Protein chains: 2
Amino acid sequence: MATKPSIPKGTRDFGPQEMLRRKYIFNTIERVFQKYGYLPLETPAMEHLETLTGKYGEEGDRLIFKVLKRGAELERALEDRSKGFADEALRYDLTVPFARYVVQHQNDLVFPFKRYQIQPVWRADRPQKGRYREFYQCDADVIGSTSLLSEVELVQLFDDVFTQLGLKVVVKVNDRKVLSGIAEVCGQPEKVVDIVTAIDKLDKIGREKVEEEMREKGVSESAIKGIAPLFDLNGSWDDQRAKLEQWLASSAVAQQGLKDLSFTFGAVGQLKSAVLEFDPTLARGLDYYTGAIFEVKASEGTLQSSICGGGRYDDLTGVFGLKGMSGVGISFGADRIYDVLLETNKFPAELGGSTQLLFANFGEAEAMHCLKLLRQVREAGVAAELYPDATKLPKQFTYAEKKGIPYVAIVGESEMQQGVVTLKRMGANEKGTAMSVEAVIGILTT
Amino acid sequence: MATKPSIPKGTRDFGPQEMLRRKYIFNTIERVFQKYGYLPLETPAMEHLETLTGKYGEEGDRLIFKVLKRGAELERALEDRSKGFADEALRYDLTVPFARYVVQHQNDLVFPFKRYQIQPVWRADRPQKGRYREFYQCDADVIGSTSLLSEVELVQLFDDVFTQLGLKVVVKVNDRKVLSGIAEVCGQPEKVVDIVTAIDKLDKIGREKVEEEMREKGVSESAIKGIAPLFDLNGSWDDQRAKLEQWLASSAVAQQGLKDLSFTFGAVGQLKSAVLEFDPTLARGLDYYTGAIFEVKASEGTLQSSICGGGRYDDLTGVFGLKGMSGVGISFGADRIYDVLLETNKFPAELGGSTQLLFANFGEAEAMHCLKLLRQVREAGVAAELYPDATKLPKQFTYAEKKGIPYVAIVGESEMQQGVVTLKRMGANEKGTAMSVEAVIGILTT
């Protein structure tokens with residue numbers, strides 16, 4: 001290989017600093033998931049192709065990465081192309097594998113089943129800023145219960161995660177039943193998916209283009225006119241609710257949606273946790289949602305797009321033969337959260353996992369002595385290391401500086417004889433202070 | 001889909017209990033990696049096919065999962081098969097992507113570069129007991145230094161991890177230079193790879209078959225006879241070293257190997273850490289090793305195969321155009337460690353991450369009250385949840401039991417009025433005790 005090696009487009013290497021930051025995000029989310037009773041699940045990167053196809057729409061199907069058949073299987077496929085070149089494919093999201101898992105293991109699971117899953121997914125999308133071919137999803141779902149307490153809990157969970165990350169956010173909420181009611185009172189209930197899909201783009205393309213898309217999809221002029229009041233709604237939840245109750249009085253499904261939203265707003269209000277905001281134009285593109293829908297936006301930084309999403313679905317597992325399993329789930333967009341935290345300077349200065357102390361290397365005898373001290377320091381829980389070679393001191397200091405190690409321990413012949421360590425803080429214009437290894441541990445563990 | 005869904009053969013779903021156990025292993029290893037100054041790295045699941053091919057031998061190349069081209073690319077490949085059906089492939093191990101990363105980012109890295117990497121790899125191996133098509137590797141490497149202190153550190157690291165996991169192990173060590181010396185004094189230095197590959201199988205196939213394999217590979221009878229003393233070596237490191245020094249007196253490379261091993265034995269002895277055992281027949285199949293080689297075996301349980309491996313390589317990055325980078329690395333076999341810990345009953349009874357407390361649900365008013373208590377309990381760091389539906393109590397208890405939740409909080413009307421919680425320990429034949437929520441937190445956080 002003559003040229004410098006590279007990686008496939010749309011994929012990324014994550015070096016140490018990015019990794020420590022990503023781990024900080026993942027660990028925060030994971031700890032909160034666990035605190036709320038969600039348990040971990042991992043599914044294979046590869047699924048049977050038939051498990052995935054037909055679940056993400058036509059466009060989605062084209063974006064699935066397929067795994068090439070091998071050996072005799074591939075030969076047979078080349079002779080008879082109707083057999084296809086792949087039996088397996090890389091997972092496209094975590095929701096379909098979750099549904100597959102629930103159906104496959106339904107007899108072993110205890111319902112309601114609360115699981116979280118943090119794994120990469122792969123999509124053959126055209127790579128662009130903020131859009132990758134491999135990225136992590138962080139999902140939590142509870143399946144097997146229709147209780148609205150789950151919605152309340154997930155709003156609290158959003159709040160808990162972002163409080164811990166130190167980021168101000170707004171949780172936007174709507175209910176698909178309200179959108180269905182609107183389609184109903186406008187006389188085109190059968191067009192609800194087209195209407196929702198168009199409204200979902202409001203933020204990006206504006207009202208005029210939303211109406212144009214509805215027109216193209218065959219929504220009638222009178223229906224488009226009928227939907228119009230939706231765009232003019234504003235004010236508090238109570239205000240908007242009163243207007244919607246009146247407007248959608250003839251739709252039982254819309255009334256149920258409003259009642260459900262009232263419960264969530266009431267409970268969240270009593271708990272005084274998240275900033276919850278009703279957004280009647282919030283639609284979410286995915287067509288399996290049937291109840292509440294969520295979106296989280298950062299109130300700080302310049303990112304316009306949402307950093308989390310979610311909603312309730314009534315029939316996620318039906319496609320695999322298990323009917324009547326209602327559930328609700330949310331997903332954290334780790335890459336976008338990373339970008340916002342970086343932009344708003346919210347990452348902690350010292351991330352867990354970085355090395356705290358470097359022992360300089362002065363030669364074999366000193367190194368051997370340092371290995372013993374090192375053991376003591378590590379046993380106290382301090383991440384520490386010995387520079388492996390007895391090179392010139394400036395080189396060793398450069399190593400510490402570039403690796404972001406805050407302290408260097410100098411143990412030359414005289415320190416060895418006196419049984420002390422000279423501790424030097426990097427960046428400080430000081431010679432360092434001689435002290436016992438216990439004192440070093442004391443400084444590094446407080 | 002009429003039939004019950006399934007997953008590709010050789011792959012696995014990891015449900016909550018397995019996941020918590022796996023996380024316990026991964027987290028233990030990761031914490032130790034960090035404590036020793038190794039920093040995290042993640043590389044993409046997909047690499048350019050050319051990055052991977054030719055690195056794992058002919059057999060390995062056949063086992064690489066390739067990613068099918070899409071759209072027009074696939075059409076062109078079907079017209080002209082010489083183009084191949086794949087440009088990308090799934091990573092086969094973590095070592096080649098690591099080497100690729102080091103070369104690609106050589107100007108940004110600070111050497112010696114210490115990284116760890118915990119990610120799945122994929123191999124189209126025939127699945128069988130203990131062999132999977134998707135499995136995790138946990139690697140730590142230091143590259144850019146020839147210091148034997150790294151070897152010493154990695155032995156300590158093995159010891160640290162298994163001490164924390166509570167598993168007794170033996171770290172077996174040898175040096176490729178000693179094996180090269182043997183091939184040299186037997187008159188067939190050019191056959192060293194064949195000799196090493198055969199000796200590597202000693203544990204599995206026995207001495208006779210090892211000699212047979214050497215014969216098949218063209219190793220001469222006199223050389224095979226010359227190697228024989230190797231199989232009869234025994235005793236302490238010092239005993240064996242003396243015999244080897246004499247036997248291999250004419251080989252400079254062997255003498256260097258023995259000197260290096262002496263350093264490692266000396267240092268590990270002084271540190272009184274690991275149980276280190278010299279095994280002159282330890283060979284490790286991988287042909288990039290050039291110095292020390294390691295293998296860890298459990299001293300408990302019935303598993304015969306090794307649970308970790310590793311060694312020093314002098315030219316891992318040369319294939320990508322960066323010469324002269326010596327390094328040493330180790331790899332933990334998480335699946336095997338899992339099996340041993342399960343067999344020897346070493347998993348902690350309570351694994352981090354499981355739910356500690358379930359609030360029973362008695363209806364809307366009580367549930368609302370419980371949500372507030374729940375918030376308090378979670379803020380104290382206790383993983384807790386509210387049963388989402390106000391179903392019959394036995395069903396809620398069954399849920400707690402099956403999910404392994406140790407405590408249930410009963411807050412009915414009377415508890416609500418008195419401002420208490422009735423705490424019931426699962427499995428205990430008791431009615432439960434009324435107490436303040438602070439007392440509950442006290443019990444669950446000690």
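A residue counts as buried when its relative accessible area is under 20%, as exposed when that area is over 50%, and as partly exposed in between, using a 1.4 Å probe and the protein chains only. By this rule, 60% of the 446 residues of chain A are buried. The structure is a predicted model, in which local features need pLDDT of at least 70 and side-chain atom pairs count only at pLDDT 80 or more, while totals for chains, interfaces and linings use all residues; side-chain values use heavy atoms, with hydrogens and water left out. Residues are numbered from 1 along each chain as its sequence is written, and chains are lettered from A and ligands numbered from 1 in the order in which they are written.

**Overall build of chain A**

- Chain A contains 18 helices and 16 strands. Both kinds of element are DSSP runs, numbered from the N terminus: helices are H or I with at least four residues, and strands are E with at least two.
- The radius of gyration of chain A is 28 Å, whereas a compact globule of 446 residues would have one near 22 Å. This radius is taken over C-alpha atoms, and the globule rule is 2.2 Å times the number of residues to the power 0.38.
- Along the principal axes, the C-alpha atoms of chain A fill a box of roughly 90 × 65 × 45 Å.
- Of the contacts in chain A between residues at least 6 apart in sequence, 67% join residues at least 24 apart. A contact means heavy atoms within 4.5 Å.

**Surface and charge of chain A**

- Chain A has an accessible surface of about 18700 Å², and carbon and sulfur atoms account for 48% of this surface. Accessible areas come from the Shrake-Rupley method with a 1.4 Å probe; for residues, only the protein chains shown count as cover.

**Salt bridges**

- The whole structure holds 60 salt bridges over all chains. A salt bridge is a side-chain nitrogen of Lys or Arg within 4 Å of a carboxyl oxygen of Asp or Glu.
- One of them joins A:Glu151 and A:Arg312, with the closest N and O atoms 2.6 Å apart. This pair links distant parts of the chain, 161 residues apart: A:Glu151 is in helix H6 (residues 149-165) of chain A, and A:Arg312 is in strand S10 (residues 308-313) of chain A.
- A:Glu151 is buried, with a relative accessible area of 1%, and A:Arg312 is buried too, at 6%.
- A:Asp260 and A:Lys177 also form a salt bridge, at 3.0 Å from N to O. A:Asp260 lies in helix H13 (residues 252-271) of chain A and A:Lys177 in helix H7 (residues 176-185) of chain A, so the pair ties together parts that are 83 residues apart in sequence. Both A:Asp260 and A:Lys177 are buried.
- In chain B, the side chains of B:Lys177 and B:Asp175 meet in a salt bridge at 3.3 Å, N to O. B:Lys177 is buried at 16% relative accessibility, and B:Asp175 is buried at 2%.
- A network of salt bridges links A:Lys114, A:Glu153, B:Arg378, B:Glu385 and B:Lys403.

**Backbone details**

- The peptide bond between A:Phe111 and A:Pro112 is cis, with omega about -5°. A:Pro112 sits in the loop between helix H5 (95-104) and strand S5 (113-122) of chain A.
- In chain B, the peptide bond from B:Phe111 to B:Pro112 is cis, with omega near -5°. B:Pro112 is in the loop between helix H5 (95-104) and strand S5 (113-122) of chain B.
- A:Asn345 is not a glycine, yet its phi is positive, at about 60°. A:Asn345 lies in the loop between helix H14 (334-343) and strand S12 (357-359) of chain A and is exposed, at 67% relative accessibility.
- B:Asn345 has a positive phi of about 60° as well, although it is not a glycine. B:Asn345 is exposed at 68% relative accessibility.

**A glycine in chain B**

- B:Gly57 belongs to helix H3 (residues 57-62) of chain B and is partly exposed, with a relative accessible area of 39%.
- From C-alpha to C-alpha, B:Gly57 and B:Glu213 are 18 Å apart in space, and they are 156 residues apart in sequence.
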